[in-house]
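Trainee: Could we walk through this model together, one question at a time?
Mentor: Gladly, let's have a look.

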Amino acid sequence: MTSTTEKVGVRPHPQRWAVLGVLCLSVMVVVLDNTVLNVAIPSISTGLDASTADIQWMINAYSLALAGLLLTTGSLSDRFGRKRALLAGLALFGAGSAVAAYAGSSEALIAARGFMGIGAAVLMPGTLAVLMQLFDDEERPKAIGIWAAVTSLGFAAGPVIGGALIKHFWWGSVFLINVPVAILAIAAVAMLVPESRDPTVRKPDVLGSILSIIGMVSIVYAVIEVPEHGFGSAEFGVPVAIGLVTMTGFALWERHTADPMLDLGFFKNRRFTGAVASGVLAAFGMAGSLFLLTQHLQGVLGYSPLEAGVRVAPMAIALLVTSNTLGQLVIKLGAGRAMLLGMTIVAGGVALLSIGTTYPPTLAGLILIGVGVGVSQPVAVNALMGSIPPERAGIASGLSGTLTELGSSFGIAVLGALLSARFVASLPDGVPGRSLSEALHSGADITVVREAFSNGMSVSLVIGAIAVFLGGVVASVLLRRA
C-alpha cells in the first residue's frame, strides 16, 4: 500500500487547499491565545492580585513548556504521524484553556498555562510539516504566504476580541473562547487532514529527548528568573549552567548516535541558519516590546482593554495587507535584501514605540512593525522550510520554534528587567514598584508613576530595536551567501 507521503510526491493532494485552511485554523488557536492574553494582563493582575513576577510566569510557564518540548514533539510527530500530533495538541490545548478560564489563583493559572504550552508544543510542528508534504515546490511559497497571512489575522483579531471579552465578561473568558475553536479544529483535522510521517524507520532517540528537555527547560527557567533575581544570582547561574552543560551533551550525543533526533547538519545550510537567526532576534525584540506596550497603553495612556486592543490591531492589519500585496517586490529583492529591509522597518517601528508618550507615534510604530513583519516573515518561513528534507519537516519546525520561544523568553525577561530597574529607580521613595498597577493604586502622584514607567519602557524598547536590526543583518548576510 502506498503511503500518503509517497502519493503526495506523485501528484498534489486534491484537498490540499482545504487542508491548508484547517492548518491555519489550528495554529490560529495558539496565536489568538497569546495576543488575547497580552490585552488581558491588567485585568488578570487586578482580578488575581498578581504581581509583575506572577504575570511574567503566566506568560513564561507557557514558553517553558513549549520551548522544552518542541524538539521532542517535532521528532515524535515525524515518527508517529503529524495528524495524530495535531489532534492530540488541540485536545490538550483546549483542555488547558478550560482550566485556565476558571483558575482561582495566580498559581492555578500559571499551572494551566503550562499545560496549554504542552498542547501547543504537540500541535505546532505538525502544521508546517503537513504543509510541506501536501504542496510541491511551485505551490509551496504561495501556501506558506497564506499560512503567514492568516496567522497575522490572529494577531489582528486577538487584541480586539480580548478587549471586547474583558469589557463584557470576566477575564477568564479570554481563555474559554479557545475551547470551541479547538473543538472545531479537531473535527476539521479528523475529516480533512491526511496522515503523514517520515518514511525512514528510525530508532527512538530516548537519551536525546531527555537531554533536550532538561537543557531547554533549565535555560528558559534561568531566563525567567532574571527580572526578580538578576543575571548575577544563583537563581540564574545554576540553571543556566545546567542547561548549557546538558545541551552540550545533547549536541555531542546527536553527532555520534546512529539515529539522531536532530540532524545538526541542518545548521550547515545557510538558508536554514539565517532564517532561524532572524527569528530568534526578532522574537527577542518583538515579544518583549509588545509585553511592555500593552501595559503602557492601559496603565499610562489610560485605555480600557477593548480600546487598547483596537489600538494594537493596526499592526497586524498592516502585516496582513503587506504580506498579500508585496510578494513580487520581495521576489525581485531576493531573500537576503528582503530580510534586511523587513527587519530594519520592524526595528524602526520598535524605536518609534520608545517615544510613544502619546498614541500617534505609537500608531506609526505599530504600522511600521506590521509592514516589516509582512515583508520578512514569509521570506523567513519559506527559507527555513525550503532548506530541509520534507520528511524531516516536523523536527526542523520544532527546532525553529524552540529557538524562537527562547528568544521570546529572553526578550520578556531582559527587557522586563531593564524596565523594572529603571521604573523602581525613577519612583519617589516609599512608592511600591512591584508592578505598574500596584504603583498606580499606592496613592502616589499618578503623573509621576506614569512618567517613571514610560522612562523605563523607552530604554527597554531601544534595546529591542537594536536586537531586531541585528537579526536582519545576520539573516541578510547568511541568505545572500547561500
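**Helices, patch and rings**

Mentor: Of the 31 residues of α12, 24 are buried, so this helix is largely enclosed by the rest of the structure. Buried means under 20% relative accessible area, exposed over 50% and partly exposed in between, with a 1.4 Å probe and protein chains only. This is a predicted model: local features need pLDDT of at least 70 and side-chain atom pairs 80 or more, while totals for chains, interfaces and linings use all residues. Residues are numbered from 1 along each chain as its sequence is written, and side-chain values use heavy atoms, leaving out hydrogens and water.

Trainee: How many helices are there in the chain?
Mentor: Helices are DSSP runs of H or I with at least four residues, and strands are E runs of at least two, numbered from the N terminus. On that basis the chain has 0 strands, and its helices number 19.

Trainee: Which residue just after α12 takes a positive phi?
Mentor: Follow the chain just past the end of α12 and look for a phi of about 80°. The residue with that value is Gly-302.

Trainee: Which helix gives the largest share of the nonpolar patch?
Mentor: The patch includes Leu-418, Val-459 and Phe-469, and its residues together have about 650 Å² of accessible area. Leu-418 is in helix α17 (residues 393-426). The largest share, 8 residues, comes from helix α19.

Trainee: How many aromatic pairs does the count come to?
Mentor: Rings of Phe, Tyr and Trp (its six-membered ring) pair if their centres lie within 6.5 Å; planes under 30 degrees apart are stacked, over 60 edge-to-face and the rest tilted. By this rule the count is 3.

Trainee: Why is the pair of Tyr-102 and Trp-170 called tilted?
Mentor: The ring centres of Tyr-102 and Trp-170 are 5.6 Å apart. Tyr-102 lies in the loop between α4 and α5 and Trp-170 in the loop between α6 and α7, so the pair ties together parts 68 residues apart in sequence. The pair is tilted because its planes meet at 35°.

Trainee: What is the pair of Trp-171 and Phe-175?
Mentor: Both Trp-171 and Phe-175 are buried. Their ring centres are 6.4 Å apart and their planes at 85°, so the pair is edge-to-face.

Technical notes: Patches are made of residues with over 30% relative accessible area and no salt bridge: like charges are joined within 9 Å, nonpolar side chains (Val, Leu, Ile, Met, Phe, Trp, Tyr) within 5 Å. Accessible areas come from the Shrake-Rupley method with a 1.4 Å probe; for residues, only the protein chains shown count as cover. A salt bridge is a side-chain nitrogen of Lys or Arg within 4 Å of a carboxyl oxygen of Asp or Glu.
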